[in-house]
Amino acid sequence: MMVLSLDMYSRLTDGVEAALDKADRAAAEDNRRMTHEEVFGSLRKKINV
């Protein structure tokens, strides 16, 4: 366990929150959806090349 000030916690998580907000906006603007298998299959192909 560790203790952080609210300011420090915010600095650590702001980038993640911004990325999630950006992803939410992109998903709202695009109707394409991929299955779990499509997403991770594509990633596995890229990694295993």
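D7 is partly exposed, at 48% relative accessibility; buried stands for under 20% relative accessible area, exposed for over 50% and partly exposed for what lies in between, with a 1.4 Å probe and protein chains only. The model is predicted, so local features need pLDDT of at least 70 and side-chain atom pairs pLDDT 80 or more, while totals for chains, interfaces and linings use all residues. Numbering runs from 1 along each chain as its sequence is written, and side-chain values use heavy atoms, without hydrogens and water.

The side chain of D7 meets that of R11 in a salt bridge, a term for a side-chain nitrogen of Lys or Arg within 4 Å of a carboxyl oxygen of Asp or Glu. D7 and R11 are 4 residues apart in helix 1, which means about one helical turn between them. R11 is exposed, with a relative accessible area of 55%. The structure holds 2 salt bridges, listed here.

| Salt bridge | N to O distance |
|---|---|
| R11 and D7 | 2.9 Å |
| D30 and R32 | 2.7 Å |

D30 is partly exposed at 26% relative accessible area, whereas R32 is exposed at 67%.

Helix 1 covers residues 6-29; helices are DSSP runs (H or I, at least four residues) numbered from the N terminus. Helix 1 bends by about 45° at T13, the bend being the angle between axes fitted to the seven residues ending at a residue and the seven starting there.

L6 also lies in helix 1 and is exposed, at 68% relative accessibility.

How values were computed: Helices (H or I, at least four residues) and strands (E, at least two) are DSSP runs, numbered from the N terminus.
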